[in-house]
Amino acid sequence: MKANSPSVALFIPCYVDQFYPQVGIATLELLEKLGCQVTYPSGQTCCGQPLANAGYAQETVGTARHFIKTFQDFDYVVCPSGSCTLHVKEHFPAIAGLEKEQEALEHKIYELIEFITDVLKIEKLEGKFPHRVGFHSSCHGQRGLHLSSGSELNQPPFNKARKLLENLAGLEWVELERADECCGFGGTFAVTEEALSIQMGKDRLADHLQHKTEILTGGDMSCIMHLQGIATRTKQELKFLHLAEILNQALS
Amino acid sequence: MTHPESAAEFLKDSQKAKWHDETLWFVRDKRDKVSKGIPEWEQLRELASSIKDNVLANLADYLEEFERNATKNGIIVHWATDSEAHNKLVLEILQKQDCTAVVKSKSILTEECHLNSYLEKHSVEVVDTDLGERIVQFLKQPPSHIVLPAIHLKKGEISELFHEKLHTEKGNEDPTYLTQAARVHLREKFFAAKVAITGVNFGIAETGEFVVCTNEGNADMGVHLAQVHIACMGIEKILPRRKDLGVFLRLLARSATGQPITNYNSHFRNPSPGKEIHIILVDNGRTAQLAREKFRNSLKCIRCGACMNTCPIYRRSGGFSYNSTVPGPIGSILSPGLDLKKHSSLPFASTLCGSCTDVCPVKINIHEQLYEWRQEVTKTQGDFAKGLSMKLANGIFKSPLAYKISGSLMRNALKSLPNSLIYHPLNIWGKNRNLPDAPKESFQQWYRKNRS
């Protein structure tokens, strides 16, 4: 994008802001390298998903109103999380008085990878990343935003992240036994169904380890936080990076 | 027990839990492969979903049409508002026939109505003739899966059970040998039963006929040897036209077990001379569900079980962990409509991963309904403490300043507190998982320093 390019606002989810600032930085730098004019609107907080998924959607009206107002003046909103993007698009409560702004937001918010492939129309990125990379397909990105084809559906296979990653020199893509099974994070599920959540996470990790993943990546730090938490506790030799970090490193 | 408690219990036997997961994944995988052999698979799902939309929008008319045509065919049609009325009707028919022993093929509806225990209380012997159902009946257990009722048992356990009940050789686990023993045992029951009970997969309004699908042929065996056939049907099982079956029969077996077609799809239209067919049309909460706009689509279900096989929760917690007649994702959106209090933990037994929705042959938006049931659960019986903390969180997220203060408090606490406090038993996250290392500054702070 050049001089009079559209304005891009960065939405950094609350847990990324607090725990993974490096993912926010990588997202910002990557978008800048791709020629975007990026602003991080100060005063942004959270999309409210943790509350809504716990059954308290009616308590998120204030959060959603604040979100819409914070981002209403931009052409695009880009977020390094499929899950939070999906929540804004599909699960915001209806905000009285901001109907138009809310509808516009639902159409102008993009997850980072789909923004690169669908809006910037970038087919491939030139760079190198000589590592064996295992991709964790987060459910909300895949089945919600359709960032990749699901194993359940009878559709031609595609994967927007894979398209960008596979072009990087030296990158080896890891084929998994179960390409898109849930990792068991699930927001409050991670705590309310702790035993299941841990087992699901262990099973995903085992699939990656069995196929010799060196770096586990994905589009949602929430899934990765959960998987990394289990891997660290069980002393597994696995590295974890967000897709933005890989792409940003590869392009430098 | 709540779902999390039962799931934790199930996972304690880690080897068996792994076997359960892999066994059901195998069925899911078979379903994937066979469905991909049908180029128009996604259109079939769409079509099936639309036909069911039409059925649900005109249910009363189709039911009356079905009643008229079935009656014309010589079938005796009964209506039951709830399980009690249903059970009473069945008993009355049995008593009229002086029948004290019946055979029954698989019917989730009769499970839902607890028909077996009702009849047994009235001195009627009920024999479930589906092999898996007979196995769980011997064990006095309910089915743990709607298509694979005994999927929670390994063949060694069945060998032991048959040794005790059917006097098979001790330690003989050969499936053919064990099945043969069950066959001989069931044959006696088939010959002795004056009345046979079946479920119904599809009732056809246009013709007044109904269709029963089994892989074992046990429904047919029972019905053809008995004088009287009682078919128990949920009112949502109606299809408008016979030709609609082409869509549903193609979807049902492929979704359920990965077979191209169920072995026996038997059509019942007229009683044979001198015999009787009764059909009981049962509501039992279905009309109430139909009235709930957000949840009415759940009535499209054709009971294929695909959502159970694909569900990462079901596979790792087993059917019994749901404590409801229909377990798994579909059960978790049906059961709260019957008893919200009893089933309040079920809508939360999901990560909302959405796999169930994508395998569903009639495109029920299962994971979205789980999300909506969560909202209902908290509205009607919100746990006060949880409600309060959520309100606080909303207060934080709608105010940038409050968010900043609480965020940095949290990060600093993580940096300065000793591990023994961070991984306190009350911190469930930290029981089996580490927390991320706390960074020295948030992204917001970095941005202010470096970009503005």
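Residues are numbered from 1 along each chain as its sequence is written, while chains are lettered from A and ligands numbered from 1 in the order in which they are written. As the model is predicted, local features need pLDDT of at least 70 and side-chain atom pairs count only at pLDDT 80 or more, whereas totals for chains, interfaces and linings use all residues.

Chain B contains 22 helices and 10 strands, where helices (H or I, at least four residues) and strands (E, at least two) are DSSP runs numbered from the N terminus. Along the principal axes, the C-alpha atoms of chain B fill a box of roughly 90 × 55 × 45 Å. Of the 452 residues in chain B, 47% are buried, a residue being buried if 20 or more other C-beta atoms, placed from the backbone, lie within 10 Å of its own, exposed if 12 or fewer do, and partly exposed in between. Among contacts in chain B with a separation of 6 or more, 73% are accounted for by residues 24 or more positions apart; two residues are in contact if their C-beta atoms, placed from the backbone, lie within 7 Å.

Chain B is divided into domain 1 (38-284), domain 2 (287-381) and domain 3 (396-450), with bounds that come from an automatic or database domain assignment. The centres of domain 1 and domain 2 of chain B, taken over C-alpha atoms, are separated by 22 Å, and 22 residues of domain 1 of chain B are in contact with 21 residues of domain 2 of chain B. On the domain 1 side of this contact, two or more residues each are given by helix 3 (41-57), helix 6 (108-112) and helix 12 (245-256) of chain B, and the largest share, 6 residues, comes from helix 3 of chain B. That side has 10 nonpolar, 5 polar and 7 charged residues, where Ala, Val, Leu, Ile, Met, Phe, Trp, Tyr, Cys and Pro count as nonpolar, Asp, Glu, Lys and Arg as charged, and the others, Gly among them, as polar.

Within chain B, the axes of helix 9 (residues 155-166) and helix 10 (residues 175-192) come within 11 Å and cross at roughly 35 degrees; axes are lines fitted to C-alpha atoms, for helices over the stretch in contact, and angles run from 0 to 180 degrees between N-to-C directions. In this pair, B:K155, B:I158, B:S159, B:F162 and B:L166 of helix 9 meet B:P175, B:L178, B:A181 and B:H185 of helix 10, and the residues of the contact divide into 6 nonpolar, 2 polar and 1 charged.

Between the chains, 56 residues of chain A are in contact with 54 residues of chain B. The chain A side of this contact comprises 25 nonpolar, 23 polar and 8 charged residues.

Not counting residues up to four places away in sequence, B:F210 touches B:V200, B:F202, B:G203, B:I204, B:A231, B:M233, B:F268 and B:I279.
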